[in-house]
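Good morning, and thank you for making time for this short talk. Please have the sequence and the model open as I speak, so that you can follow along.

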Amino acid sequence: MSDTATSERTATGPAAAGLTTGRSLALLKPLLLAVAFVVLLLVPIYVEEFWLRTGFAVFGAAIGAIGLNLLVGTTGQLSLAHAFFLAVGAVTYTFVAGEPGGVATEVGGLGLPPLLGMVLGVLLAGLAGLLFSPVAARLRGIYLGVASLGLVFIGIHLINTWEYVTGGFNGRIAPDFSLFGFEFSNNASYLAIAGVPFREAERLWYLGLFLAVGAYWFARNLLRSRPGRALQTLRDSEVAASVMGVNVQGYKARVFLVSSMYAGLSGVLLALSIGSIAPESFGLLVSIQYLAMIVLGGLGSVGGAALGALFVSALPLVFQRYADIIPLVSASRGDAGIAPGEAARFLYGLAIILIILYEPGGLAGLARRFRRPGRPGGGRTASPSSAATSSSTSTVPSDPPAQGSTT
Amino acid sequence: MTQFLSLLFNGISLGALYALIALGFVIIFKSSEVVSFTHGSLLLLGAYSIARLSDTIGFLPAVIFGLAITAGAALIIERLIINRLRGAPVISLAIVTIGVDIIILTELVRRLGSDILNVPHPWGGESFRIGDVGISQNRLVATIVAGTLIAAFFLAFKYSSWGVAMRASAEDGETAALMGIRQGRVSAVSWVVAGVLAGVAALFLVGAPTPGVSPSAYAVALRAFPAAILGGLDSTGGALVGGLLIGLAESFAAGYQEQILFLGRGFGEVVPYVVMIAVLLVRPSGLFGTKELTRV
């Protein structure tokens, strides 16, 4: 069970937890991060295809979760529309990069390079977010949550209806990715590194890894820059923010733009990971799963969102794979056991309730609790020098646990 | 004209059911500041219990038990989770109900599988006709029952001590508590009432013209969300208006599907959300919701 992919990815958290002082932390943290990164780079050489595919799905989900977290966790705008923006990205990619044709239904396609499809997918998802933001800017708190719920159903309807682009109810095959002639597919030219043949799963692993690291890095930097501070002020009090000169409407629109661009990229990776797009991949449950990820990880924490994504998106796959070992779970539907997907849903449903009841900071909050036993109140109370060094390298941001404290 | 009238009646009856569910949302929100995403699965739970029990103990006892189960589930949720989170941010409360919803819904969908359970309504699946205009008897009974319940609710809300306590707590929770109104009890009773309302709506929503109890009843319950929101989350009258508006819009969009085919097949199921977003664009707090004031 202790395959490398899961055990080593989570290794950074507990290992870093034992450290207390800023100086040793400052030295060890980058080292640990570097080691973790190298391990992640080496994973495809040692690990079988199942874990690589799971890993790719996790990377995709992590990007989406980081994006949603910027919106919900950092800015306090409850959005259930994430599945819709995911769909925009996935559909755009499939249409732009796909060839016209189709088996059951006639579908169109532009047949352009997949990289262009990915970029357009991200941009169009961002545009969709920007178009929705005037609605969003007028609504507060829970009204926004329910209004964005509507977007998911409208999106599903569009996917079902617009068969020429989406393939309708049955969906369509998503084209393989390729980068300047380097194909991320099984029928590409043979390539082996260290004696391991690099096929689709190995190649996609690297694609996912680099995109996820990039997304993580961008979000971390965004949060620590001027816009990031502005967004956090917005969450805490819109009035205070506007008094301090933060352009409330402008920042709301921009955070919607960024968040849905993340969702668009995540959607493209989702399409690549499943290999096809279909309406049921973008339903309300998907939005709820993303919400589960960021709540589990800790609202407002970038690293937490990635951890939550690991938990929520890998769980059903792992259950599926080890259905005969895990008690109560059965691979076949029906009889005594619980299907893997259902077991996973039970688990994270329960986890959401427990987290909100007992640890509103999520996994990030738990980690923070272990790491700084002598310092109540999180990283902000640390002395300026150590705070500066530790916060620039810590895996979990030192922002106080954001508990969606909106108006 | 015949078609128009029958769509109108159908819309009103559907709207009355939406209004029942939406009223539940609103009183829960007013009493405990929770936007309850559990309502869809509570409704499905009610429908499932009624359908399963009526095989063994007959229709009427099954309805009573089914309503009790739904109300009990709502009460358990309130006591075990919501009551402990008093004063937490609205978004956390909403998210925790999503967690509950995932659990109940997963279990119900697992039990239902791909079956469609039948509820043996004594009024059967025939339709009632006035001239050429027809409406299913189930929907007719639904309109009457829902109308009576809504009227009873508004009377209770206005005159009963619970209603007064509830309005007081919604107005100003702290002052109400100082006046000796037990917030916990008000909130618990509201959840029970909302559970019963959802159970009653469930009873009728799974009858004709709907085939029976299937996971799709959940999606129907979700469409009561737009009803509650566009009326204004803290307005009971708004829930009624919103419910009727959504019911009519859905009924007409489904009935005139051929004329609006460019919007795609099955547009009726989406129209509640379109109406909701359109209304919210003009009135961000719904039609009758209290506008949020900001004091500095």
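**Helix pairs, core and chain contact**

I will begin with helix H4 (residues 49-74) of chain A and helix H9 (residues 200-224) of chain A, whose axes come within 8 Å and cross at roughly 20°. An axis here is a line fitted to C-alpha atoms, for helices over the stretch in contact, and the angle runs from 0 to 180 degrees between N-to-C directions. That makes H4(A) roughly parallel to H9(A), since angles under 35 degrees count as roughly parallel, over 145 as roughly antiparallel, 65 to 115 as roughly perpendicular and the rest as oblique. The contact includes A:Phe56, A:Phe59 and A:Ile63 of H4(A) and A:Trp205, A:Leu209 and A:Ala212 of H9(A), where two residues are in contact if their C-beta atoms, placed from the backbone, lie within 7 Å. By class, the residues of this contact divide into 17 nonpolar, 4 polar and 3 charged; Ala, Val, Leu, Ile, Met, Phe, Trp, Tyr, Cys and Pro count as nonpolar, Asp, Glu, Lys and Arg as charged, and the others, Gly among them, as polar.

Before going further, a word on the source: this is a predicted model, in which local features need pLDDT of at least 70 and side-chain atom pairs count only at pLDDT 80 or more, while totals for chains, interfaces and linings use all residues. Residues are numbered from 1 along each chain as its sequence is written, and chains are lettered from A and ligands numbered from 1 in the order in which they are written.

Chain A has 17 helices and 6 strands, where helices (H or I, at least four residues) and strands (E, at least two) are DSSP runs, numbered from the N terminus. Of the 407 residues in chain A, buried ones make up 51%; a residue is buried if 20 or more other C-beta atoms lie within 10 Å of its own, exposed if 12 or fewer, and partly exposed in between.

Now please find a second pair, helix H13 (residues 284-297) and helix H15 (residues 340-358) of chain A, whose axes come within 9 Å and cross at roughly 40°. H13(A) and H15(A) are therefore oblique to each other. On H13(A) the contact is made by A:Ala292, A:Val295 and A:Leu296, and on H15(A) the residues include A:Tyr348 and A:Ile352. The residues of this contact divide into 8 nonpolar, no polar and no charged.

Which residues touch the most other members of the largest nonpolar core? Of its 211 residues, they are A:Ile352 and B:Ile21, a nonpolar core being a set of buried Ala, Val, Leu, Ile, Met, Phe, Trp, Tyr and Cys residues joined through C-beta atoms within 7 Å. Leaving aside neighbours within four places in sequence, A:Ile352 is in contact with residues of chain B as well, including B:Ile95 and B:Gly99.

Finally, B:Glu33 lies in the loop between H1 and helix H2 (39-57) of chain B, and is buried, with 21 other C-beta atoms within 10 Å. Its phi is near 65°, a positive value in a residue other than glycine. Most residues other than glycine have a negative phi.
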